[in-house]
Amino acid sequence: CASSPSASAKMPVAEPDVEVPAGDVKKGAKLFKAKCAQCHTIEKGGNVKQGPPLWGIMGRQSGTVEGFAYSEANKGSGIIWSEKHMFEYLVNPKKYI
């Protein structure tokens, strides 16, 4: 059927049933700089580094940034990034995906 999703498309995974605590912008920026910025860019049009660029990640399907070699687990996870998915992922990335 022409309207069927491609074989590689996966149904979105339901959001985890978690309460995402309120964030702290200053602490978050400091944490990102210390733990994430070495591998990720956050500006629009940012380069692929050791990790994919994070601009526009919320609402995007996991494993879909062009030019980055994702793991099969990431590409096939079915995650559409949201606050709840991101919170659970950041707690333990290898366990979540």
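A: The side chains of Glu 72 and Lys 75 meet in a salt bridge, with 2.9 Å from N to O; the term asks for a side-chain nitrogen of Lys or Arg within 4 Å of a carboxyl oxygen of Asp or Glu. The model is a predicted one, in which local features need pLDDT of at least 70 and side-chain atom pairs count only at pLDDT 80 or more, while totals for chains, interfaces and linings use all residues. Residues are numbered from 1 along each chain as its sequence is written, and side-chain values use heavy atoms, with hydrogens and water left out.

Side chains of opposite charge can pair when their charged atoms come close. In this case, Glu 72 and Lys 75 are separated by about one helical turn, because they stand 3 residues apart in helix H2, which covers residues 72–75. Helices here are DSSP runs of H or I with at least four residues, strands are runs of E with at least two, and both are numbered from the N terminus.

A pair of aromatic rings is described by the distance of the centres and the angle of the planes. The search of the whole structure finds 2 aromatic pairs. One of them joins Phe 68 and Tyr 70, whose rings lie 4.8 Å apart from centre to centre with 75° between the planes, an edge-to-face arrangement. (Rings of Phe, Tyr and Trp, the last by its six-membered ring, pair if their centres lie within 6.5 Å; planes under 30 degrees apart are stacked, over 60 edge-to-face and the rest tilted.) Phe 68 counts as partly exposed, with 22% relative accessibility, while Tyr 70 is buried at 13%. Trp 81 and Tyr 89 make an edge-to-face pair too, because their ring centres are 5.2 Å apart and their planes stand at 70°. Within that pair Trp 81 is buried, at 7% relative accessibility, and Tyr 89 is partly exposed, at 23%.

Leaving aside its neighbours within four places in sequence, Phe 87 is in contact, meaning heavy atoms within 4.5 Å, with Val 18, Glu 19, Val 20 and Pro 21. Phe 87 and Glu 19 are 68 residues apart in sequence, yet their C-alpha atoms are 9.1 Å apart in space.

For the protein as a whole, there are 4 helices and 0 strands, and the pattern read along the sequence is α-α-α-α. Of its 97 residues, 23% are buried. Among the contacts with a separation of 6 or more, 34% come from residues 24 or more positions apart.

Technical notes. Buried < 20%, exposed > 50% of the residue type's maximum accessible area, 1.4 Å probe, protein only.
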